[in-house]
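Here is a short note to keep beside you while you look around this structure for the first time. The points can be read in any order.

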Amino acid sequence: MRLRRVGVSTNEPLLFEIEHCLDKKGVDTEGVKIDKKYLRTDEPHIPELDEVSVVRHYTRLSQWNYGVDTGMYPLGSCTMKYNPKFNEYAARLNGFSSIHPYTPEDLMQGVLRIIYEMERYLSEIGGFERVTLIPSAGAHGEYTGLMMVRKYHLDKGNPRKKVLIPDTAHGTNPASCTLNGYEVVQVKSSSAGYLTKEELLKHIDEDVAALMVTNPNTLGIFEKEIAEIAEILHSKDALLYCDGANMNSLIGIAKPGDMGVDVLQYNLHKSFSTPHGGGGPGSGPVGVSRRLVDYLPVPLVEKIGNKYVLVYDKPKSVGQVKAFYGNFGIIVRAYSYIRAMGAEGLKKATEYAVLNSNYIRKRLSNYYHLPYETPSMHECVFTDKKQNEKGITTMDIAKRLIDYGFHPPTIYFPLVVHGAIMIEPTESESKDSLDRFIDAMIAIARESEENPDIVKNTPTLSPILRADEVKAAKELKLKYEKNRCL
Ligand SMILES: *Cc1c(COP(=O)(O)O)cnc(C)c1O
């Protein structure tokens, strides 16, 4: 076992593997005058571990966590921002958290009102006719959106065959198309990092059902030809799907509906304050233009007089995409966030998200290669090109950041950028924490010049050092090994 510099081992066995220190056999009864019939024959059910071992085990594990509550989490495309605790409080209020999905409408008017009002807020924010709050995550929203696209074309007699997707797209986009029976055609983005109408014109024909674009795209670049692109699509009766996972750079400033977008999924667990990562529940509401309103999934919440009601009778609807009314707890968090921020607050958050990303972009531009000159929105992408000269890769830089106390950014994505380092600071970081992150990145750039071996052999301070990631994925071993080298 190698000695660690900090001198404290944080590798942790499973509870079952911790040496059992309580003697289950109890008292030795040899020679004790107790009638045999009173002696037990089986082992007593007493704990195998003493309290201090259990408490230390769990406390040590809890200290291994890294999250937005412990530090900056600059994962590009993920929007790992700080979530105000007040929204947690709101979601846990008994009336919300204990509601049963079969509660009669009359007894859950407050819940229905939240769904109703949330639909209006999201419609206003995105510039859409209506919104469904039912889908469970971004990818589920994409899937639901494409179901509507399919139904729209089917109603006209032909579902069409293809969906066009730029090469900067998130991996869930082609998956959602394929699951809906569409062939995916990749479209090249320009050297400036966005899709041009010339490129679109090369691919558009009567078989194209839709274009699926993320705006700003995953390079953090705004698709500035979007309105003309929408016009071209609509002239062929093709639809424009916008992946709205990056809405946190538009909220309060620009509305996708105004740009001609027909359908967009919001990621409430990214832009609207819900902790995410680790596969927790999410929510992916979908906004639609007038073209797709009839196809929205059921139920919808309508207001009749003073009463909120669930409406299932929508003949053209794609039907139900999930049991009941969506991940309601996430909707409450987002509702609480929107109400607490107000229109001005939401706009400010967007401005800070964009400002923070551009601050990082500018301050690091002398140290890391920028593959695109176009200014960024809420995230910026660098590469390892400069560091490559000394044999240092993006992976090395990411691992070295761990030693500096930061969670690494997203790496090797988007795929169009060789050795991508994709940073999204979000609006919730202060200038001080941005500066500390930037200083760590600059220190790594300097080390890469002056002492590349240090950077190659990192991390040195984490419980698990450089794992063989391919082997780890292929031969998953979840068991603690006593003599594993730390
Ligand atoms: C996160 C993300 C998605 C998928 O959202 P999930 O909620 O993880 O399913 C889709 N597109 C983009 C651009 C994303 O960043």
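**Notes for a first look**

1. Please keep in mind that this is a predicted model. Helix 4 (residues 109–126) lies across strand 1 and strand 6 (263–266), and runs at about 120° to strand 1. Helix 5 (residues 138–155) lies across strand 2, strand 4, strand 5 (239–244), strand 6 and strand 7 (286–288), and its angle to strand 5 is about 175°.

2. These strands belong to an open sheet of 7 strands with mixed pairing, in the order 1-7-6-5-4-2-3. Strand 1 (130–132) and strand 3 (183–187) are at the edges; each has a single partner strand, so one side of each has no neighbour in the sheet. From one strand to the next, the twist averages 25°.

3. Which residues have the most contacts inside the largest nonpolar core? They are M118, Y266, L268 and F272, in a core of 55 residues. Helix 10 (residues 328–364) gives the most to this core, with 10 residues. A second, separate core has 25 residues, including C177, A209, A210 and L292. In soluble globular proteins, nonpolar side chains tend to be buried together.

4. F272 deserves a look of its own. Leaving aside residues up to four places away in sequence, F272 touches L122, I125, I251, Y266, N267, R333, A334, Y337 and I338.

5. Now for the rings: the aromatic pairs come to 12. One of them is F324 with Y325, an edge-to-face pair with 5.9 Å from centre to centre and 65° between the planes. F324 is partly exposed because its relative accessible area is 28%, whereas Y325 counts as buried at 15%. Ring pairs also bring Y102 into a cluster with F324 and Y325.

6. The charged end of R120 is over the ring of Y116, 3.9 Å from its centre. For R150, the ring is that of Y182, and the distance to its centre is 5.0 Å.

7. Do have a look at the hairpin of strand 8 and strand 9, which has 2 residues between the strands. Strand 8 (residues 300–304) and strand 9 run antiparallel, joined by 5 bridges, and L300 is opposite V311 of strand 9. In this hairpin G305 takes a positive phi near 65°. Strand 9 (residues 307–311) is mostly covered, with 4 of its 5 residues buried.

8. Where are the cis peptide bonds worth checking? One joins N215 and P216, with omega about -5°; P216 is in the loop between strand 4 and helix 8 (226–235). Another joins V298 and P299, with omega about 0°; P299 is in the loop between strand 7 and strand 8.

9. R160 has a phi of about 65° and is in the loop between helix 5 and strand 2. R160 counts as buried because its relative accessible area, 12%, is under 20%. T426 has a phi near 65° and is in the loop between strand 12 (421–423) and helix 13 (431–450). T426 is buried too, at 0% relative accessibility.

Technical notes
Residues numbered from 1 in each chain as written. Predicted model: local features only at pLDDT ≥ 70, side-chain atom pairs only at ≥ 80, totals over all residues. Heavy atoms only, no water. Pairing = 2+ DSSP bridges. Axes fitted to C-alpha atoms, helices over the stretch in contact; angles between N-to-C directions. Contact = heavy atoms within 4.5 Å. Core = buried A, V, L, I, M, F, W, Y, C linked by side-chain atoms within 4.5 Å. Buried < 20%, exposed > 50% of the residue type's maximum accessible area, 1.4 Å probe, protein only. Phe/Tyr/Trp six-rings, centres within 6.5 Å; stacked < 30°, edge-to-face > 60°. Lys NZ or Arg CZ within 6 Å of the ring centre and 35° of its normal.
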